[in-house]
Structure formats: structure tokens, C-alpha cells
Amino acid sequence: MKYHILSIGISKHQNSFVNTLQFADKDAVDFYTLFTSNINDIGYKKLLINSEATLAEIRTALGKELRQAVGDEDAFFFFFSGHGATAENKDGTSLEHYLIPFDATSDIPSSAVSVDYLKEVFDKISCKAAYIFVDSCF
């Protein structure tokens, strides 16, 4: 069994009006450090903090490389600390939940990571166990 981790923490955003969190980046680093210091058989590992945690980088980190690295008997750990938001989806038919990346704009559905997208990604990861830690509002 291999263990895989993606840890994301965003305290500072491109749009400074959102910079109200003090320890989200530290929490992600601490979680990642605790994990990598105590687990022996680590496969995929990625830490994204502040300006590294753009929408594109988060989507890349959740993409093909991760899905190829994680095996059926493996465990995957996802950690996110940062802002969350709700907004109407792109077609205005329902309220959705989002994780806010470093480069989010006021157009939340187009510039943030929807929880529905995360569910789709996690459904495609074939593993024995997936652990999801989210520390955000909404």
C-alpha cells in the first residue's frame, strides 16, 4: 500500500480583499510535514500554498498524474485550508459550494474549484481509502 497526499493552504490571495486568513497556509504545511515525516511508503505528494495554489495548479494536481499514481490498494489524503464560498452554478439553476484558489475572481463559478468537481475527481481515483480534510467556510 502506498500513501498519497495533496495539501493546499491559502492565506494570501491575488485579490487582497480576500486576505483575511492568517494560518491556512501554515496548516497545510503542518499537515503535509506531519504526513511526510510519519508515513514511509509515500507515492504522489504535492503541497500548494498561497500563490502556488492557483485554479490551474489545483486542477493539475488533481489530474492525470494523481490518478495514475494511486492504486487500488492505496490511500489518498486531500487537505484544504482556505476560503470557501457558495454561488449559483454557471447556468443559474442551483447553489453550489466552492473552494477559493489564490487567483479567484468575483466570478466564482468560473474561477474556483467546485465541490461537485472534487466529488467527480475523487470518484475517478481508484483507491482503498480516501481521506478528505476541508477547513473552510460554506
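The model is predicted.

**The sheet**

Begin by selecting the strands of the open sheet, which has 4 strands in the order β2-β1-β3-β7, paired in parallel. The edges are formed by β2 (42-49) and β7 (129-135); each has a single partner strand, so one side of each is left without a neighbour in the sheet. From one strand to the next, the twist averages 5 degrees.

**Helix α1 and its residue Asn38**

Now select Asn38, which lies in helix α1. Is Asn38 buried or exposed? With a relative accessibility of 52%, Asn38 counts as exposed. A polar atom of the Asn38 side chain lies 2.7 Å from the backbone oxygen of Leu34. For a sense of distance, select Ala85 as well: Asn38 and Ala85 are 47 residues apart along the chain, and their C-alpha atoms are separated by 33 Å.

**The nonpolar cores**

Select Leu6, Ile8, Leu62 and Phe78 together; of the 22 residues in the largest nonpolar core, these touch the most other members. At least two residues of this core come from each of β1, β2, α2, β3 and α5 (115-124). The element that gives the most to this core is α5, with 4 residues.

Centre the view on Leu62 and display its surroundings. Not counting residues up to four places away in sequence, Leu62 touches Leu6, Arg67, Phe78, Tyr117, Leu118 and Val121. A second, separate core has 9 residues, including Ala28, Tyr32, Phe79 and Ala129.

**Two residues with positive phi**

Select Asn50, in the loop between β2 and α2 (55-61). Although Asn50 is not a glycine, its phi is positive, at about 45 degrees. Asn50 is buried, with a relative accessible area of 13%.

Then go to Phe138, in the segment after β7. Phe138 is likewise not a glycine and has a positive phi of about 60 degrees. Its setting is given by a relative accessibility of 65%, so Phe138 counts as exposed.

**The cysteines**

For the last stop, select Cys127 and Cys137. Cys127 has a relative accessibility of 21% and counts as partly exposed. Cys137, at 35% relative accessibility, also counts as partly exposed. A disulfide is a covalent bond between the sulfur atoms of two cysteines. How many disulfides does this model contain? With sulfur atoms required to lie within 2.5 Å, the count comes to 0 disulfides.

How values were computed:
Residues are numbered from 1 along each chain as its sequence is written. This is a predicted model: local features need pLDDT of at least 70, side-chain atom pairs count only at pLDDT 80 or more; totals for chains, interfaces and linings use all residues. Side-chain values use heavy atoms; hydrogens and water are left out. Buried means under 20% relative accessible area, exposed over 50%, partly exposed in between (1.4 Å probe, protein chains only). Two strands pair if DSSP finds at least two bridges between them. Axes are lines fitted to C-alpha atoms, for helices over the stretch in contact, and angles run from 0 to 180 degrees between N-to-C directions. A polar contact is a pair of N or O atoms within 3.5 Å; within protein, one must be able to donate a hydrogen and the other to accept it, and residues adjacent in sequence count only if both atoms are side-chain atoms. A nonpolar core is a set of buried Ala, Val, Leu, Ile, Met, Phe, Trp, Tyr and Cys residues joined through side-chain atoms within 4.5 Å. Contact means heavy atoms within 4.5 Å.
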